[in-house]
Amino acid sequence: MNSESAKEIGEFALIERLRNNLGSVGNDADVIVGNGDDAAVIKAVDGKCWIVTCDVQVCGVHFPSMGDVSGFAVGYKSLAVNVSDVAAMGGRPRFALISLGIPEETPVSFLDEVYGGVRALSEEYDILVLGGNVTRTSGPLFVDVFLVGEVMAEKVLRRSGARAGDRILVTGHLGDAAAGLHSLSGSQTGVREDLYASLTRAQLEPQPRVAEGIVIAESGLATAMLDISDGLAGDIRHLCEASDVGAILWESELPVSDALLEAASLSAKNPFEWALHGGEDYELLVTTPAESAGALQEILRRVGGEPLTIIGEILPASQGISLKRTDGIFALENLAWEHFSA
């Protein structure tokens, strides 16, 4: 029997196909958000909701081999990427389950390090790790995390609320994780030791923006939000598709760090390519009405959160998704990370 392979149809088409196989959950009164967002949201009690999400980190795909990365970084990042999904909905992470697929030759000391990373992040965000599962695998090693967060029902933020005229904002800096991956590959030479450490930390130990997500949600000013995992260019597309809008990003306004600029200069790279297409930044991508953008920035300044930078505008869907550069306006190329490339 002839059948398309996962590689032939691509990751996002595969996800949509599998989602359709499940049918609709939209008729269940307890489901606030089902498939298609950063996480699912389910009614709890007293006006609260549970945010539920899961993600798997696989050796050789999401992190290097055991000889090239610490177990601490593996555990830390495996939990952090899930925490970021909860932050993107405006929630607070609460409970986690962790499953390991372990090749039998794996040193137990490495697994101790993995759980050291899990513990460090769980203590930072007051997450209770309740257990999980262990299975033997012929390889590679993987870490699978299921995370539960909580949020008040009226504060849930989704990808689907952006409207034409809204401003687009991001927390922190963009592209550091991609520059860090470039550095870890051995392609980076000459960058100062402190900058190298900053960039590789962004790749191996990303910082979920939980406090910022909660403040943004509680402000009531944001219309949509998601975290940047697939790269800004890819994730603005996800937001636009969910909200049925278009967008224009302003390249000159993209926030990039001094470390990234130095690494790009030494590597003869365009820093904005890393900022737009690099992925794994785990910053928050937010939309808000134009008249509320300044107030939202000020709120985060007052609480000491990561700065919010205005980087573009939401447009009608008919205008598509574009990038304004110094030499003109161009259709924004979609180079989002895909596990299967069509």
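The model is predicted: local features need pLDDT of at least 70, side-chain atom pairs count only at pLDDT 80 or more, and totals for chains, interfaces and linings use all residues. Residues are numbered from 1 along each chain as its sequence is written, and side-chain values use heavy atoms, with hydrogens and water left out.

Start with the helices. Helices (H or I, at least four residues) and strands (E, at least two) are DSSP runs, numbered from the N terminus. Two packed helices are described by the angle between their axes and the distance between the axes. Axes are lines fitted to C-alpha atoms, for helices over the stretch in contact, and angles run from 0 to 180 degrees between N-to-C directions.

Take helix H3 (residues 71-88) and helix H4 (residues 108-124). Their axes cross at roughly 40° and come within 6 Å. That makes H3 oblique to H4. Angles under 35 degrees count as roughly parallel, over 145 as roughly antiparallel, 65 to 115 as roughly perpendicular and the rest as oblique. The crossing of H3 and H4 is right-handed. In a right-handed crossing the near helix is turned clockwise from the far one by less than a right angle; anticlockwise is left-handed.

Which residues of H3 and H4 meet? The H3 side includes Phe72, Leu79 and Val83, and the H4 side includes Phe110, Val114 and Leu121. Contact means heavy atoms within 4.5 Å. By class, the contact of H3 with H4 has 11 nonpolar, 5 polar and 2 charged residues. Here Ala, Val, Leu, Ile, Met, Phe, Trp, Tyr, Cys and Pro count as nonpolar, Asp, Glu, Lys and Arg as charged, and the others, Gly among them, as polar.

Helix H4 also holds Ser109. Ser109 is partly exposed, at 47% relative accessible area. Buried means under 20% relative accessible area, exposed over 50%, and partly exposed in between (1.4 Å probe, protein chains only).

Now move to helix H7 (residues 210-219) and H11. These pack at an angle of about 135°, with axes 10 Å apart. H7 and H11 are therefore oblique to each other. Their crossing is right-handed. Glu212, Val215, Ile216 and Ser219 in H7 meet Leu296, Ile299, Leu300 and Val303 in H11. By class, this contact of H7 with H11 has 6 nonpolar, 1 polar and 1 charged residues.

Look at Leu300, in helix H11 (residues 293-303). Is it buried or exposed? Leu300 is buried, at 1% relative accessibility. Setting aside neighbours within four places in sequence, its contacts include Thr171, Gly305 and Leu308.

The loops come next. A cis peptide bond joins Gly139 and Pro140, with omega about -5°. Pro140 sits in the loop between strand E5 (128-136) and strand E6 (142-152). Asp46 has a positive phi, near 55°, although it is a residue other than glycine. Asp46 lies between strand E2 (40-43) and strand E3 (48-58), in the loop. Asp46 is exposed, at 73%. Tyr282 also has phi near 55°. Its loop runs between helix H10 (271-277) and strand E10 (284-288). Tyr282 is buried, with a relative accessible area of 7%.

Last, the cysteines. How many disulfides does the whole structure hold? A search finds 0, where a disulfide is a pair of cysteine sulfur atoms within 2.5 Å. The sulfur of Cys54 is 19 Å from the closest cysteine sulfur, in Cys49, too far for a bond. Cys54 is exposed, at 53% relative accessibility, whereas Cys59 is buried, at 16%.
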